[in-house]
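Welcome to this short tour. Please open your viewer and get ready to select a few residues in turn.

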Protein chains: 2
Amino acid sequence: MLLYTNRHVKFPVCLAYVGNKCFLILMCVLQIDEEVAKLLALKAQIGGDNVKHQFVLKTAKGTRDYNPKQMAIRERVFSTIIGCFKRHGAETIDTPVFELKETLTGKYGEDSKLIYDLKDQGGELLSLRYDLTVPFARYLAMNKITNIKRYHIAKVYRRDNPAMTRGRYREFYQCDFDIAGQYDAMIPDAECLKIVHDILSELDLGDFRIKMPWEDVRKEMVTEKGLSEEAADQIGEYVSLQGGMELAERLLQDQKMCRSKQACAGLSDIKLLFSYLQLFQVTDKVVFDLSLARGLDYYTGIIYEGVLTQAGVAPGSTEAQNGTPAEESVSVGSVAGGGRYDGLVGMFDPKGRKVPCVGVSIGIERIFSILEQKASAEKVRTTEVQVMVASAQKNLLEERLRLLTELWNAGIKAEVMYKKNPKLLSQLQHCEESGIPLVAILGEQELKDGVVKLRVVASREEVDVSRAALVDEIRRRTSQA
Amino acid sequence: MLLYTNRHVKFPVCLAYVGNKCFLILMCVLQIDEEVAKLLALKAQIGGDNVKHQFVLKTAKGTRDYNPKQMAIRERVFSTIIGCFKRHGAETIDTPVFELKETLTGKYGEDSKLIYDLKDQGGELLSLRYDLTVPFARYLAMNKITNIKRYHIAKVYRRDNPAMTRGRYREFYQCDFDIAGQYDAMIPDAECLKIVHDILSELDLGDFRIKMPWEDVRKEMVTEKGLSEEAADQIGEYVSLQGGMELAERLLQDQKMCRSKQACAGLSDIKLLFSYLQLFQVTDKVVFDLSLARGLDYYTGIIYEGVLTQAGVAPGSTEAQNGTPAEESVSVGSVAGGGRYDGLVGMFDPKGRKVPCVGVSIGIERIFSILEQKASAEKVRTTEVQVMVASAQKNLLEERLRLLTELWNAGIKAEVMYKKNPKLLSQLQHCEESGIPLVAILGEQELKDGVVKLRVVASREEVDVSRAALVDEIRRRTSQA
């Protein structure tokens, strides 16, 4: 037994001889207990082929299935978000769920320990993506793209401590919108804030604020733009009182502030941003927050966060009511975040060429938790079936299938019960349960007369419709659906 | 050093003492060389923090990004497929991208070696899903669901040998439609075949056939239904000649065939299936194939495969032209597959309760390869922008942003160039390149007159439209889009 030491940890190195081969086994002391447990488990597994083992019927920790009702809600949310991204002229791309491990290395600081790695089964070392921003930057560098406005909606993976009732999962969707390119100052940044504003408004989640952490702006003014700490704090006080546009303007007129040209430039940028936000009609929701100081490794400019402020709706609000200060109940309501990251693409480019980027990510799981809670009592349709083809008598399966085919081929969403002789009552009940608005009923008489009895499920009204007119009649009656 | 032996492999067991702890290290002989290499690589990595390493800018082997044009094509394909699934009344669900490793164990036979495992980072042992069928069965058993018609569109993962030009990837989409439940024979089975038929027709991929492997039907008739091998082969000959409905009927009338009641029942089932397929108007495309004998472990009843038959379009057709027999050029054109799997859900149920299932999976990547190739010359729009807000003179950024906000707030898809003073020509060029049909041009005169100059990019026609009427005018002119 040898002990090999590097700066950080001690390694027991074990030389094992088997036959004429010598094996070097090197293990981290901190992990050995864990490793032993795993090897013993492995041994039990290998030796236990014949033992019927207890099967655990569950999804992986921190993940969940979406049932049809949840999917219906999720699709409504996606549709709103994608609608907004498209209104702003975005294209979309997709990237693989895993990246080379080294692509993710050095991008997330402390959080890197939360990255899921794939097992080494020979070949490349891979990790599941941790966000959509780093794959986006890799995509830009790899394809030498210098201008793009794109959205990307996909799942990302974090080995975080899950808190599923608050919408924090290990597998979760991100909805990202980013603008890459060298443009005039603050125009794309303002558009990202407009997008957060519009999405949070349209989703109807209650009141919200888009917060920009003052700490970052202050730091930039002091360390990069040369403003005195005193002056910066004075600005901070103004900001906390009033926020927004007039403030920046008043500060610019302030003699003391403008002693430094660079501090002036910094304030000019903020003023510019707020002037665009004013044109975009979103200034009522955008504020600086003195308490906020958040940032991923790759952010370089303004960063912001969209926060729901209605405690009654925000997930985690129960905690706030149980004694945690009110400020925290606000911060757990964070449902969007983003900022500028001008250096990230350059980290991937062999020559370090930079592509300035700004973007926003919508945290769909928290939004989804809120909407799911709202919809819990509500009846949500999980299919779009317009009509059920039913029969009133026995031995009409073939006639039902023939009519069904006519409807399908005309583009009508339709179904039958997969029984030779279902009862009319059970066919009607199925419509009630799944919200199908119409029933096309066939009987001997209807077949003889060349008609179909069309029943409106809600009103129980029934009318005979000629077979030739049926498709149009169904379309007319379900055109809102 | 001890040697522990079980039936299959020898294990070197190494006892290592570190301080007062005793560690048991157990390794499979066959894997030790590999393990040593990995540990040495790990050591190099730990010790090599200061070494600037060469960065490889690529996606993982067998995977790819989708650029905006590819995404636009992919979304059209999805829209067609989802449209068909919804027409047949399906709900949708989603499951996590990884499952407990043991959930996948014993479901794929020989192919299990192609499953991606996640690294053991503490906690559960996880694997990436290999298909959508096993997670679906797990979902049904876990939620005790006995009846559902659902579709699921998601990526699955196989450590297969990639052949990317032929649309074979390690990460690829599956589009699955399944019907679970105890229903009258062959009705759901026929609907699945109808769905394959309709999707392949609507996607306009050229001619196709839906093939059912004769081998399986023959085996069932011989081993389970007690038909003589001779009689089965005679049926096979009929089948290869004619296929379909009349055949089954003629066979049923054949004295020799009906000596066994069970063989008769088997043939009755086939006859029943074809009678439903006839009602669904798809018999022209469905054939038995004597050469086909494919099956995953979990299939229990009929299985089928959708195959493109136009060699000029099917991926892999070049190989066929280079000397491989023509039959192979057909089989690489497989773009859909499915069948009945009545036992799979029972494998997850603690009491083994069965839920009969039948389903179909559309192989989107091959379809996508074909359509991408078709669209290579074609101009495909990647955004839906209806109008660009442009200016003819300098210093009109604010006016552009104001108009842009009006349009966005009215739900119009619109964009500007992110420049203070872009040239009119470059604004018009951007429209030409990205297919934006309209330009709303602002100038001093237009602002004074309260109008906007609306330019049709294709015809270069320009009309003055009053500001109040602009939104309606844009909607009217882009209503097809």
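Helices (H or I, at least four residues) and strands (E, at least two) are DSSP runs, numbered from the N terminus. This is a predicted model, where local features need pLDDT of at least 70, side-chain atom pairs count only at pLDDT 80 or more, and totals for chains, interfaces and linings use all residues; side-chain values use heavy atoms, without hydrogens and water. Residues are numbered from 1 along each chain as its sequence is written, with chains lettered from A and ligands numbered from 1 in the order in which they are written.

Start with B:Arg460, in the loop between β17 (451–456) and β18 (462–466) of chain B. Its phi is positive, about 65°, although the residue is not a glycine. B:Arg460 is exposed, at 57% relative accessible area (exposed means over 50%, buried under 20%, partly exposed in between, with a 1.4 Å probe and protein chains only).

Next, select A:Arg158, in the loop between β7 (148–157) and β8 (171–180) of chain A. UniProt, in an unreviewed entry, lists a "binding site" that includes A:Arg158 and A:Tyr298; positions follow the numbering used here, feature names are shortened, and annotations may be inferred rather than shown by experiment. Is A:Arg158 buried or exposed? A:Arg158 is buried, with a relative accessible area of 18%. Show A:Tyr130 too: its backbone oxygen lies 2.9 Å from a polar atom of the A:Arg158 side chain.

Finish at A:Tyr298, in the loop between β10 (286–289) and β11 (303–308) of chain A. A:Tyr298 is buried, at 6% relative accessibility.

Key: Polar contact = N/O pair within 3.5 Å; in protein donor to acceptor, adjacent residues only side chain to side chain.
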